[in-house]
Amino acid sequence: MSIVIAIDGPSGSGKSTVARGVAKELGLSYLDTGAMYRGATWWAQRCMIDLDDQDLVAQAVKKMPLEVRLDPSDQRFICDGVDITEAIRASELSKVVSKVAVNLAVRREMKRLQREIIAAECTPHGFSQGAGIVAEGRDITTVVAPDADVRVLLTASAEARLARRAKEVRGSVDAQALAATRDEVLRRDRDDATVSEFMTAQDGVTTIDSSNLTIAEVESAVIKLAKEAFNG
């Protein structure tokens with residue numbers, strides 16, 4: 001048997017940190033699907049394509065030579081022979097990634113790739129040997145893996161989400177860092193909400209509000225759900 005854990009949520013909800021931690025604890029693979037959209041954005045820019053040209057962007061993404069290494073301790077993204085793991089986190093790319101993420105043709109291709117990755121990780125070695133994957137993003141619980149064994153919507157207050165992202169990206173939660181991060185967080189959520197529902201849990205999805213919880217507490221809650229699903 002194998003297990004698939006799907007975690008969705010808005011920017012700054014802690015889903016990436018929690019997903020990595022759960023994957024490490026349970027010996028599972030880890031997939032950051034949002035980073036795949038960042039990779040697609042990097043690739044379109046490398047191909048010198050106008051991100052507003054949705055058809056050309058979609059055509060380029062279908063040919064994108066993206067490799068995702070699923071180690072939760074060191075997830076890497078390689079595209080066209082270049083390690084882009086750090087490059088796709090640049091603030092300049094964060095400002096334009098929504099143009100690619102809301103492209104419906106790109107989303108269809110990403111869904112196909114993500115499903116392939118998830119299926120490939122579900123080998124029949126048993127939960128204790130780490131067969132399975134933790135995948136996180138915006139529409140994993142609803143579109144990519146609606147039949148996942150565990151589906152979680154991780155939420156948090158706008159204030160908590162903004163502070164977390166400012167700390168992660170700029171290393172500070174002072175007024176300047178919060179102001180510089182606000183547009184990235186709120187605009188990205190607003191744009192992505194036009195093509196994906198990630199603010200309200202669908203049937204069968206467990207909501208966890210992380211506003212006043214530590215990362216360890218959220219990880220423990222998800223791991224408990226995973227063990228109940230596997231034993232259950």
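Contact here means heavy atoms within 4.5 Å. This is a predicted model in which local features need pLDDT of at least 70 and side-chain atom pairs count only at pLDDT 80 or more, while totals for chains, interfaces and linings use all residues. Residues are numbered from 1 along each chain as its sequence is written, and side-chain values use heavy atoms, with hydrogens and water left out.

**View 1. Helix α3 meets α6.** Val57, Ala58, Val61 and Lys62 of α3 are in contact with Ala105, Val106, Glu109 and Met110 of α6. By class, six residues of this contact are nonpolar, none polar and two charged (nonpolar: Ala, Val, Leu, Ile, Met, Phe, Trp, Tyr, Cys and Pro; charged: Asp, Glu, Lys and Arg; polar: the others, Gly among them).

**View 2. The axes of α3 and α6.** The two helices pack at about 15°, with axes 8 Å apart (axes are lines fitted to C-alpha atoms over the stretch in contact, and angles run from 0 to 180 degrees between N-to-C directions). α3 and α6 are therefore roughly parallel, a term for angles under 35 degrees.

**View 3. The two sides of α3.** Helix α3 spans residues 54–62, and its buried residues are Val57, Ala58, Ala60 and Val61 (buried is under 20% relative accessible area, exposed over 50%, with a 1.4 Å probe and protein chains only). Seen down the axis of α3, these fall within an arc of 160°, so they line one face of the helix; the arc is that of the directions from the helix axis to the C-beta atoms. Asp55 and Lys62 are exposed on the face turned away from the buried side.

Definitions and conventions. Helix = DSSP H or I, 4+ residues; strand = E, 2+ residues; numbered from the N terminus. Parallel < 35°, antiparallel > 145°, perpendicular 65-115°, else oblique.
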